Amino acid sequence: MSTRARSALTPSLDEPFHFIDVDIDDPGPGEILVQILASGVCHTDAAARHGDLPFSFPGVLGHEGSGIVAAVGSGVTTPAVGDHVVLGWPFCGECRRCLDGEPRYCDVVEYELLAGTRLRGDKAGRSAYSGTDGETVSGHFFGQSSFATYSLATARQAVVIPQDVPLELAATLACGIQTGAGAVFNTAKPTAGQSLVVFGAGAVGLSVVMAATNTPATRIVAVDMHASRLELARRFGATDVIDASASGDVVADLQVILGGPADFAFECTGSIRVTEQATRSVGKLGTTILIGGAPLGATFEVDHGRALNGARIVGTLGGSGRAHVLIPALLQLWKQGRFPFDQLVQTFPFDDIADAFEASRTGAVIKPVLTMSAAQR
């Protein structure tokens, strides 16, 4: 049996979206079928369309889905049919890193995110998605392919949320917003009096700023080329901002502001030039945290002497930690007025997916979200 869904298909690299019906297999053991009511638009989706990630086409992208559980496979005890869920990243649940509470670094995470097929069970290696003419369609992007009205996912990646939370807001927590906040809470963990600088005030960088205001860090500096985004950064708690378009030397300006180097630098742009700036902006025992997605194979240079002074460079995927802990915490902070991520969101009807992507590309909208139905609850 199968469920028919309306999808925004990517036929091949850099091709416009085509709206077509796809058939999705019923959930098998450990799987769930979710009626998708909202899906965030993320830079990672655009990167996959342009070939910066190894996903096969034709295929259905989308990896910030939220909706209502429509069916569950055998062995699934949670979530239940009717639950409202956010679909986080998939993970095997069995490897050492998963068991250590770091499922973002699952031993098979690359396959879970990009294989385009099921990975387990008697249908492993085959996509659960197909065109109405029987043509195979790559699905399971980040375990969900949420640019469709239904999604087949694993039960373990679903985070149950309260039914009073708007699904169009909750969707954004699946990846981008969670990534920025988790980089602060799970990776940096700043202590009293420390300083941090955020390179790039998009959805991820602004999430870093909002999260940092909930820590004992006392100086939060945002760097961007757009005055409107720097204004948002100040609104969300940045103590200082640097307009990179007007600065002759961002690193020097930062040191003037802070009276020395930063304790933490968060690189949220994926630009190699900016990455190298970030590594120069921290001092002894400082930490540069790489978040932005550079093209595969990209490299950058680091001064050896600076690294000898105890400086660290660490990467973070999806904010590290466990989505089942972080997403509910972010929702509580939001309800308390301490994490106003809703101010980043603008919704677009599903039919306007091309406009949503363009708004994201140009920066006209910080966080576009597609809505698949007028019923958002």
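Just after helix H12 (residues 353-362), Gly363 takes a positive phi of about 85°; helices here are DSSP runs of H or I with at least four residues, strands are runs of E with at least two, and both are numbered from the N terminus. This is a predicted model, in which local features need pLDDT of at least 70, side-chain atom pairs count only at pLDDT 80 or more, and totals for chains, interfaces and linings use all residues. Residues are numbered from 1 along each chain as its sequence is written, and side-chain values use heavy atoms, with hydrogens and water left out.

Helix H5 (residues 176-188) packs with helix H6 (residues 203-212) at an angle of about 40°, with axes 7 Å apart. The two are therefore oblique to each other. In the contact (heavy atoms within 4.5 Å), residues of H5 including Val184 and Phe185 meet residues of H6 including Val204 and Val208. By class, this contact of H5 with H6 has nine nonpolar, four polar and no charged residues.

H5 also packs with helix H11 (residues 323-335), at an angle of about 100° and with axes 11 Å apart. H5 and H11 are therefore roughly perpendicular (65 to 115 degrees).

How values were computed
Axes are lines fitted to C-alpha atoms, for helices over the stretch in contact, and angles run from 0 to 180 degrees between N-to-C directions. Angles under 35 degrees count as roughly parallel, over 145 as roughly antiparallel, 65 to 115 as roughly perpendicular and the rest as oblique. Ala, Val, Leu, Ile, Met, Phe, Trp, Tyr, Cys and Pro count as nonpolar, Asp, Glu, Lys and Arg as charged, and the others, Gly among them, as polar.
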